[in-house]
Amino acid sequence: MSLNYRLICRTLNFDKKNPQEIVVAQPDQRSTTSLEDIMTLIGQISSVSRGDVLSVISTLTRLVADELAKGNIVDLGELGRLRLAIRSKAAKSIEEFSRNNVLTPAIRFSPGMILRAARRRVQFNIVDETKKGKKEDTTNSSETPIQPNGGGSTPTPSGSENDNE
């Protein structure tokens, strides 16, 4: 498995008098595997029909939503776990804090073992913008694509297994 990326030059304006230029990696365009594609693949490698797969996924989605709404953590085994994370606006004191300070919760996903192992197998390949034959419009952005020295593929940015959990 590989993940293509390109280098982008960004300007940090935290200090208005001394903006700082940095270089970061940004994922290159990727394709999307649709639910339709997944259903077809499951149907091809198992004895389950596409309709049954869709039914199970639809039911799972509704059940996960119901369990999250109850405040429960949902453990989906090898796929991972889902939970709600509470967020709120700060108040100056306990007396000033009310239900109105609590914001819509975020949904957090923690990948299971198989997904974490897949993440560790990813190879990183730098995209050479000059070979793609396209120019990126950066007129309204503080991001500018830059050309790497040499190009080609690279291991993880640190040069070792990258397991940011």
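Select Arg 50 to begin: Arg 50 counts as partly exposed because its relative accessibility is 36%, where buried means under 20% relative accessible area, exposed over 50%, and partly exposed in between (1.4 Å probe, protein chains only). This is a predicted model, in which local features need pLDDT of at least 70, side-chain atom pairs count only at pLDDT 80 or more, and totals for chains, interfaces and linings use all residues. Residues are numbered from 1 along each chain as its sequence is written, and side-chain values use heavy atoms, with hydrogens and water left out.

Arg 50 and Glu 36 form a salt bridge, with the closest N and O atoms 1.8 Å apart; the term stands for a side-chain nitrogen of Lys or Arg within 4 Å of a carboxyl oxygen of Asp or Glu. The pair links distant parts of the chain, with Arg 50 in helix α2 and Glu 36 in helix α1, 14 residues apart. Helices (H or I, at least four residues) and strands (E, at least two) are DSSP runs, numbered from the N terminus. Glu 36 has 44% relative accessibility and therefore counts as partly exposed.

How many salt bridges does a search of the whole structure find? The search gives 3. For another, select Arg 6 and Asp 28, whose closest N and O atoms are 3.7 Å apart in a salt bridge. Arg 6 lies in strand β1 (residues 2-12) and Asp 28 in the loop between β2 (20-27) and α1, so this pair ties together parts that are 22 residues apart in sequence. Both Arg 6 and Asp 28 are buried.

Then move to Glu 67 and Lys 70, whose side chains meet in a salt bridge at 3.1 Å, N to O. Glu 67 is partly exposed, at 27% relative accessibility, while Lys 70 is exposed, with a relative accessible area of 58%.

Next, select Leu 35, Ile 38, Leu 41 and Leu 54, which make a nonpolar surface patch of about 310 Å². Patches are made of residues with over 30% relative accessible area and no salt bridge, like charges being joined within 9 Å and nonpolar side chains (Val, Leu, Ile, Met, Phe, Trp, Tyr) within 5 Å. Accessible areas come from the Shrake-Rupley method with a 1.4 Å probe. Helix α1 (residues 35-45) gives the largest share of the patch, 3 residues. Leu 35 lies in this helix and is partly exposed at 40% relative accessibility.

Now show Ile 38, Ile 42, Val 56, Ile 57, Leu 60 and Thr 61, the lining of the largest pocket. On a 1 Å grid over the protein atoms alone, a pocket is an open set of points where a 1.4 Å probe fits, with protein on both sides within 12 Å along at least five of seven lines; lining residues have an atom within 4 Å of a point. The space in this pocket is about 260 Å³. The largest share of the lining, 4 residues, comes from α2. By class, the lining has 5 nonpolar, 1 polar and no charged residues.

For the last stop, select Arg 99, in the loop between β4 (80-88) and β5 (102-111). Arg 99 counts as exposed, at 60% relative accessibility. The C-alpha atoms of Arg 99 and Ser 88 are 9.1 Å apart, and the two residues are separated by 11 residues along the chain.

Terms used. Points joined across faces, edges and corners; volume = space filled by probe spheres on them. Nonpolar A, V, L, I, M, F, W, Y, C, P; charged D, E, K, R; others polar.
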